[in-house]
Amino acid sequence: MDATMCMAAGGRVLRDLLPEAEIGTTFSCSYIEPYSDKPRDVSAAKRTDALINRLFIEPILGLGYPVADLPVLKGLDKYILPGDMENLKFDFDFIGIQNYTREIVKYSFFTPYVQATLVKAETRNVSLTDMRWEVYPPSIYYMIKKFDAYPQIKKICLTENGAAFPDKVVDNEVDDPKRLEYLQEYLKWVLKAKNEGCKVNGYFIWTLTDNFEWAEGYNPRFGIIYVDFNTQQRIVKSSGKWYAGFLR
């Protein structure tokens, strides 16, 4: 609740200071699917979707918390003060989506509150990135469609999408065909959503250069530009060269 209220409060401050600015915020989200069509798995997936994809965006839009699909949120009532729900709302000019993958969810009696657990991608015989995330290009399409269905959202910007793979420097070149294919396939699904009338207004790769990942350090490389962290030398990868041409 505090995070959502801070987003809305920050938006109001910016609106007062910069009335002509385009103001937005962004949400990390993953497409959620049930492990099977059994009712308990379907319900578990719905609860997980409410937790991961709807918990922050819906209060911002003035829709309140998704209590009907995640009943544990009723516990928030005792902390909500008069005026809080109104203060959670802000009319952002755009909403950002950060998406990399999908998650498969099944029922779990032993998981508190949500009674759901993720089925790890490495157990599902699917293509993986260096982060052990499934490569599933349609995920970005389904998340765009999900957010586009909110009439309160004016524009959608893909603020993060990309993949970490092992990179090797050979003759001062970095060939990264898996990342190149990942970007091409995900962009196809972004274009499909846009062509169907979704309010797609921008797309950003995560990330331009290899960087320090906040939870994993320097090991996973997401960049389309390789960085030698000892010398600071930069090498544009094959994916970066392709993307430059694509943008042109």
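Student: Which helix holds leucine 17?

Tutor: Leucine 17 lies in helix α1, residues 2-17. Helices are DSSP runs of H or I with at least four residues, strands are runs of E with at least two, and both are numbered from the N terminus. This is a predicted model: local features need pLDDT of at least 70, side-chain atom pairs count only at pLDDT 80 or more, and totals for chains, interfaces and linings use all residues. Residues are numbered from 1 along each chain as its sequence is written, and side-chain values use heavy atoms, with hydrogens and water left out.

Student: Why is leucine 17 called exposed?

Tutor: Its relative accessibility is 62%. Exposed means over 50% relative accessible area, buried under 20%, and partly exposed in between, with a 1.4 Å probe and protein chains only. Leucine 17 therefore counts as exposed.

Student: Why is proline 138 called buried?

Tutor: Proline 138 has 11% relative accessibility, so it counts as buried. Proline 138 is found in helix α5, residues 138-148. Threonine 101 is 37 residues away from proline 138 in sequence and 8.6 Å away in space, C-alpha to C-alpha.

Student: Why is arginine 132 called partly exposed?

Tutor: The relative accessible area of arginine 132 is 46%, so the residue counts as partly exposed. Arginine 132 sits in the loop between β5 (116-119) and α5.

Student: What makes the phi of arginine 132 worth a remark?

Tutor: Phi is near 65 degrees, a positive value in a residue other than glycine. Aspartate 171 is not a glycine either, and has a positive phi of about 55 degrees.

Student: Where is aspartate 171, and why is it called exposed?

Tutor: Aspartate 171 is in the loop between β7 (169-170) and β8 (173-174). Its relative accessibility is 75%, so it counts as exposed.

Student: What makes the peptide bond between tryptophan 206 and threonine 207 cis?

Tutor: Omega is about 5 degrees at this cis bond. Threonine 207 lies in the loop between β9 and β10 (225-227).

Student: How do the residues lining the largest pocket divide by class?

Tutor: The lining has ten nonpolar, five polar and four charged residues. Nonpolar means Ala, Val, Leu, Ile, Met, Phe, Trp, Tyr, Cys and Pro; charged means Asp, Glu, Lys and Arg; the others, Gly among them, are polar. A pocket is an open set of points on a 1 Å grid over the protein atoms alone, with protein on both sides within 12 Å along at least five of seven lines; lining residues have an atom within 4 Å of a point.
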